[in-house]
Amino acid sequence: MMKRDKAILAVIIAATIVVVISVFNVNKEYIRIENAKPLAIQSWKSDGGAKVMYVHAPQLPMVDIRLVFDAGSARDNGKPGVAMVTNSMLDLGAGQWTTDEIAERFDSVGTQFGNDSMRDMAILSLRSLTEKVLLDKSIETLNAILTQPKFENDELERTRKQVLISLRNQQQSPGTIAGKTLYKTLYKGHPYATPIMGTTESIRQITRDDLLSFYKKYYVSKNAVIAIVGDINREQAEELVEKIFKGLPKGKHAESISTPEPLKEAVNVHIEHPSTQTHILIGQPGMKRGDKDYLALYVGNHILGGSGFGSRIVEEIREKRGLAYSSYSYFTPMRVEGPFIMGLQTANNNSDEALKIIKQVLREFIDKGPTEKELLHAKKNITGGFALKVDSNKDIIGYLGMIGFYDLPLSYLRTFNDHVEAITIEQIKDAFKRRVDPDKMAVITVGARQ
């Protein structure tokens, strides 16, 4: 068989394996944890100082890799959108390859590559078969993306146009407008205030030098966490880490982010929008990852508005009064205090009533806390469903990245249910009374006044 024919056959085999595994994933999502055994999470530092999080999952010949950098929009430093644009352009030409050639290299071995940018973190992800020839090509390409991005001006202009189109579309979305306004109101003067995608003005002003400066400062080994889950042993994982980071400067970890100031008084912001429904968001700075009150607030919020049907907010807003199809509450813990948010969408002429009711529900919950029946139901719901949240490689890699990035204990997943079971009504009441002030909330409404 000629060398060219062998190469074609290898690609066909790889593609066939990916199709088979993809079909498997439709039903199974990804690799189930065998016999629901606790995850054996291992962690170490790479030669360059990156934190490594690793779980051996040999059920399928695949590996998931997630690189997490402390390089989210909180690091924009007066240039909103620079973190997001930098992250999105890493694979648009790198090393000796163009954008199309990088995509072709991944496609030829059945590898999936992705990237994303949030307020705290920037992410690169890769999913590959573990066959040596296929994995080596994937890792070589990933290394070039990580260590040799080109940030060419023509790609920057294309990216700029795409982002500007997205920003224009967001201006037509009352939900997006409400969300941006809430963050701006809650975090005035804080890095969390600026939108992840930046603004029309800031995106137009971003230059290639801005991207290079941001990349060189934050895409360094000591500012990275790498999570690995799959059919490779510890020794192979260590080798893989060093190949991925080869050529990347050690640098230093990003500086700490300041704690946001709590709201000093209630704030009400209304934005007129030609919509038939009013979008309502109510919030204040909430809690951070690793917060001592995390589980009490988490379990309590499950009862308040975090569990859909059966939660108090849904019961009062939807079931009893039919004011909204969707209503909810949630905490978003981040590096520092992320927001506590309650929200709903309702007909414009029902907005005042819906706002009044959801505030009442919050006050009553803070004053009286949950009932024994509600707490028991919440615990069963949370602990019973937790196994499904860590039953696939896709789930596990996300948790590993989060645990490593926020410096949570390696026992976090193993002990989660036990800690939930230990939460009491008094702990929930105490945490909510200390951490949620119904008299100092920001209320954002976007819709047409009646």
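These legends accompany several close-up views of one predicted model.

**View 1**

**View 1. Strand S2 and its two partners.**
Here we zoom in on S2, which spans residues 51-56. How many of its 6 residues are buried? The count is 5, so S2 is mostly covered, where buried means under 20% relative accessible area. With strand S1 (residues 42-45), S2 runs antiparallel, and 4 bridges join the two. Along this pair, look for Lys-45 standing opposite Lys-51 of S2. The hairpin of S1 and S2 has 5 residues between the strands, and Gly-49 takes a positive phi near 100° there. Strand S6 (residues 224-230) also pairs with S2, this time in the parallel sense and over 6 bridges. In that pairing, Met-53 faces you as the residue opposite Ala-227 of S6.

**View 2**
Now move to S4 and its partner S5 (residues 122-129): the two pair in the antiparallel sense over 6 bridges. One facing couple to pick out is Phe-113 opposite Leu-126, the latter in S5.

**View 3. Helix H12 against helix H16.**
Two packed helices are described by the angle between their axes and the distance between the axes. For H12 (residues 351-368) and H16 (residues 425-435), the angle is about 125° and the axes are 7 Å apart. That angle makes H12 oblique to H16. On the H12 side, the contact involves Phe-365, Ile-366, Asp-367 and Lys-368, while H16 brings Ile-428, Lys-429, Phe-432 and Lys-433. Sorted by class, the residues of this contact are 4 nonpolar and 4 charged, with no polar ones.

**View 4. Helix H10 against helix H12.**
The crossing of H10 past H12 is right-handed. From H10 come Gly-300, Ile-303 and Leu-304, and they meet Val-361, Leu-362 and Phe-365 of H12. The contact of H10 with H12 has 5 nonpolar residues and 1 polar residue, with no charged ones.

Is Phe-365 buried or exposed? Its relative accessibility is 1%, so Phe-365 counts as buried. Beyond its neighbours within four places in sequence, Phe-365 is in contact with Gly-300, Ile-303, Leu-304, Arg-312, Pro-370, Ile-428 and Phe-432. Ile-303 is 62 residues away from Phe-365 along the chain, yet their C-alpha atoms are separated by 9.2 Å.

**View 5. The surroundings of Ile-382.**
Ile-382 is part of helix H13 (residues 372-389). With a relative accessible area of 5%, this residue is buried. Which residues does Ile-382 contact, leaving aside its neighbours within four places in sequence? They are Tyr-298, Val-299, His-302, Phe-416, Asn-417 and Val-420. Between Ile-382 and Phe-416 there are 34 residues of sequence separation, and the C-alpha to C-alpha distance is 9.8 Å.

**View 6. Two loop residues with positive phi.**
Phe-151 has phi near 50°, a positive value in a residue other than glycine. Phe-151 sits in the loop between helix H4 (132-147) and helix H5 (153-170), and its relative accessibility of 0% means that it counts as buried. Asp-407, also not a glycine, has a positive phi of about 55°. The loop that holds Asp-407 runs between helix H14 (393-405) and helix H15 (412-421). With a relative accessible area of 54%, Asp-407 is exposed.

Methods
Residues are numbered from 1 along each chain as its sequence is written. This is a predicted model: local features need pLDDT of at least 70, side-chain atom pairs count only at pLDDT 80 or more; totals for chains, interfaces and linings use all residues. Side-chain values use heavy atoms; hydrogens and water are left out. Axes are lines fitted to C-alpha atoms, for helices over the stretch in contact, and angles run from 0 to 180 degrees between N-to-C directions. Angles under 35 degrees count as roughly parallel, over 145 as roughly antiparallel, 65 to 115 as roughly perpendicular and the rest as oblique. Contact means heavy atoms within 4.5 Å. Ala, Val, Leu, Ile, Met, Phe, Trp, Tyr, Cys and Pro count as nonpolar, Asp, Glu, Lys and Arg as charged, and the others, Gly among them, as polar. Buried means under 20% relative accessible area, exposed over 50%, partly exposed in between (1.4 Å probe, protein chains only). Two strands pair if DSSP finds at least two bridges between them. A crossing is left-handed if the near helix is turned anticlockwise from the far one by less than a right angle, and right-handed if clockwise.
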